[in-house]
Amino acid sequence: IALNRPNEIKVHLRGALRNGVTKTELRELCLHSFCYCGGPASLDAFHLMKAAIPEIEAEERPARKKRGK
């Protein structure tokens, strides 16, 4: 978030969701980053996450079914 690299955020977001990080925890991460990284970077990350999470979840559903999870 601090480096304001949206493509990197998406990659790490996918990994975080696969490892069980909740949406609430991600929201708290953005809130916490607001103080340390500044408002614009934090808000950009929040909006990116809000848009990317449904896409990632839709892509992961078929893979989870194949793995039996």
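Predicted model: local features only at pLDDT ≥ 70, side-chain atom pairs only at ≥ 80, totals over all residues.
**Exercise 1. The residue after helix 2**

Step 1. Go to the end of helix 2, which covers residues 23-37.
Step 2. Read the next residue. Helix 2 is followed by G38.
Step 3. Check the backbone angle. The phi of G38 is positive, near 100 degrees.
Step 4. Just after helix 1 comes G20, with a positive phi of about 95 degrees.
Step 5. Now try a residue that is not a glycine. N4 also has a positive phi, about 55 degrees. N4 sits in the segment before helix 1. N4 counts as partly exposed because its relative accessibility is 40%, and that class lies between the cut-offs of 20% and 50%.

**Exercise 2. The overall plan**

Describe the chain: how many helices and strands does it have, and in what pattern?

*Solution.* 
Step 1. Count the elements. The chain holds three helices and zero strands.
Step 2. Write them in order along the sequence. The pattern is α-α-α.
Step 3. The chain has 69 residues, and 25% of them count as buried.

**Exercise 3. Helix 1, length and faces**

*Solution.* 
Step 1. Find the limits. Helix 1 runs over residues 6-18, which makes 13 residues.
Step 2. At 1.5 Å a residue, helix 1 should span 18 Å.
Step 3. Compare with the model. The end C-alpha atoms of helix 1 are 19 Å apart, so the two values agree.
Step 4. List the buried residues. In helix 1 these are I9, L13, A16 and L17. They cover an arc of only 90 degrees around the axis, so they lie on the same side of helix 1.
Step 5. Turn to the other side. There, N7, V11, H12 and R18 are exposed.
Step 6. Check one of them. N7 lies in helix 1. N7 counts as exposed because its relative accessibility is 61%, and the cut-off is over 50%.
Step 7. Look across the chain from N7. N7 and L48 are 41 residues apart along the chain, yet their C-alpha atoms are separated by 9.5 Å.

**Exercise 4. Helix 2, length and faces**

Repeat the test for helix 2.

*Solution.* 
Step 1. Work out the span. Helix 2 has 15 residues and should span 21 Å at 1.5 Å a residue.
Step 2. Compare. Its end C-alpha atoms are 20 Å apart, which agrees.
Step 3. List the buried residues of helix 2: L26, C30 and S33. Their arc is only 65 degrees around the axis, which puts them on the same side of helix 2.
Step 4. Look at the face turned away from the buried side. This face carries the exposed residues L31, H32 and C35.

**Exercise 5. The nonpolar core**

Which residues make up the largest nonpolar core?

*Solution.* 
Step 1. List the members. They are I9, L13, L17, L26, C30, A45, L48, M49, A52, I53 and I56, 11 residues in all.
Step 2. Assign them to helices. Helix 1, helix 2 and helix 3 each supply at least two residues of this core. Helix 3 gives the most, with six residues.
Step 3. Check one member. I56 lies in helix 3. I56 counts as buried because its relative accessible area is 6%, and the cut-off is under 20%.
Step 4. I56 and R18 are 38 residues apart in sequence, and 9.7 Å separates their C-alpha atoms.

**Exercise 6. The largest pocket**

What lines the largest pocket?

*Solution.* 
Step 1. State the volume. About 160 Å³ of space lies in the largest pocket.
Step 2. Name the lining: K23, L26, R27, F46, M49, K50, I53 and P54.
Step 3. Sort by helix. Helix 2 and helix 3 (39-67) each supply at least two lining residues. Helix 3 gives the most, with five.
Step 4. Sort by class. The lining has five nonpolar, no polar and three charged residues.
Step 5. Follow one lining residue. R27 is in helix 2. R27 counts as partly exposed because its relative accessibility is 45%. In sequence, R27 and A45 are 18 residues apart; in space, their C-alpha atoms are 9.9 Å apart.

Definitions and conventions: Residues numbered from 1 in each chain as written. Heavy atoms only, no water. Helix = DSSP H or I, 4+ residues; strand = E, 2+ residues; numbered from the N terminus. Expected span 1.5 Å × (residues − 1). Buried < 20%, exposed > 50% of the residue type's maximum accessible area, 1.4 Å probe, protein only. Arc of directions from axis to C-beta. 1 Å grid on protein atoms, 1.4 Å probe; cavity = no way out; pocket = protein on both sides within 12 Å on 5 of 7 lines; lining within 4 Å. Points joined across faces, edges and corners; volume = space filled by probe spheres on them. Nonpolar A, V, L, I, M, F, W, Y, C, P; charged D, E, K, R; others polar. Core = buried A, V, L, I, M, F, W, Y, C linked by side-chain atoms within 4.5 Å.
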